[in-house]
Amino acid sequence: MASQGRLLFAALPAICVFSIVGLQTINYRRIGSWLMVGLCALVFTLAVASPFGSIRPAYAPAPILTQDQIPATAQPFGATYGGVMRLVATEIEARSVDPGGLVPVTLYWQVLAPMSENYSIYIHISGLQQKVVGQRDSYPGGGLRATSALEPGQIIRDRYLVPVASDAQGPVAAQVSVGLYQLASMENLPVLDEQSQTVGWPVIGRVRIATATSPGQVQNQMDANLEDHIRLVGYNLESNAVKKGDEVKFTLYWQVNQPLKSDYTVFVHLVDASGQNRSSGDGPPLGGDYPTSFWTSGDWLADPHQVLVNADMPAGDYALAIGLYDAESGERLQVVDSAGQAKSDSITLTYITVSD
């Protein structure tokens with residue numbers, strides 16, 4: 001693969017020769033000399049226009065901006081790379097992408113110090129289990145803004161199309177990370193945030209990788225409607241008889257009816273007969289790989305969870321209760337009836353028997 005088709009250059013002489021041979025076989029007396037005139041005019045027009053309409057735009061360097069020219073839609077980032085470049089702001093111009101698609105990413109870099117080396121940029125898209133499913137490596141501006149030629153204070157706008165692998169699995173809110181590195185050594189420049197704290201993984205945002213989903217094999221079916229946004233259609237449970245110190249492992253099955261604006265956390269409680277919570281296993285749905293703000297109408301999701309049975313819990317039966325809450329406000333999604341009236345803010349799945 002190469003940009004601007006430059007790998008065809010070596011073949012152009014042969015293409016020209018065989019094109020002439022082919023044109024000579026045409027019976028011009030039958031169709032008239034106007035065809036040759038038209039072909040010549042077309043080729044001449046393309047030859048005149050291509051330097052201005054194709055070649056010049058393709059090799060235009062990334063523009064130099066001022067701070068005021070960074071659009072308000074760009075998300076501030078502010079991380080510093082090796083003390084020489086600051087990623088001021090970013091734009092991920094796609095909320096969702098199919099496997100095999102392209103994610104447009106725009107970066108706004110500010111030069112902090114002169115550079116004697118030409119650093120490379122990487123953009124990684126990491127999906128399930130942090131597997132890289134999309135990648136783009138380049139010099140700034142596609143090589144037209146070499147870092148060694150940049151001056152302190154300059155801000156450049158750099159846009160990339162990052163391809164996503166056709167076999168990428170999902171659905172997942174894949175994380176988009178950006179870094180600078182030395183091509184010869186493949187060593188990344190260290191990254192510091194705005195508080196001068198080390199950033200091991202400079203994630204600038206997330207993009208949904210959309211794949212088809214299905215209801216799954218639900219052992220215990222139910223229908224709990226959470227404010228008409230999502231439904232808990234059932235769960236699978238490894239065992240409802242455990243010993244102290246063991247984990248209760250289960251999988252929730254969600255159906256998404258309407259998108260959620262916030263990222264909710266799943267609470268998991270073991271509740272005794274008096275209503276007291278004796279053990280908790282709160283956590284984000286799908287291990288944080290697919291936050292609820294990315295859930296889309298029509299999604300069917302299998303969501304594994306577990307809760308530890310504390311060693312000091314008395315033997316007996318405990319209700320396994322779950323629900324969703326906003327981590328910032330603490331507000332829970334309500335379970336509603338067919339008329340839309342709130343019934344509860346938690347769902348009891350089953351009862352767990354704890355033994356010594």
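Two strands count as paired if DSSP finds at least two bridges between them, and strands themselves are DSSP runs (E, at least two residues), numbered from the N terminus. With that settled, A241 stands opposite T353 in strand 23. Strand 15 and strand 23 (residues 347–355) run parallel, with three bridges joining them.

A quick word on what is being looked at: this is a predicted model, in which local features need pLDDT of at least 70 and side-chain atom pairs count only at pLDDT 80 or more, while totals for chains, interfaces and linings use all residues. Residues are numbered from 1 along each chain as its sequence is written, and side-chain values use heavy atoms, with hydrogens and water left out.

Nine of its 10 residues are buried, so strand 5 is largely enclosed by the rest of the structure; buried here means under 20% relative accessible area, with a 1.4 Å probe and protein chains only. Strand 5 pairs with strand 3 (residues 85–92) in the antiparallel sense over seven bridges, and R86 sits opposite Q110 of strand 5. Strand 8 (residues 155–163) also runs antiparallel to strand 5, joined to it by nine bridges, with P104 opposite L161 in strand 8.

Conventions: Helix = DSSP H or I, 4+ residues; strand = E, 2+ residues; numbered from the N terminus. Buried < 20%, exposed > 50% of the residue type's maximum accessible area, 1.4 Å probe, protein only.
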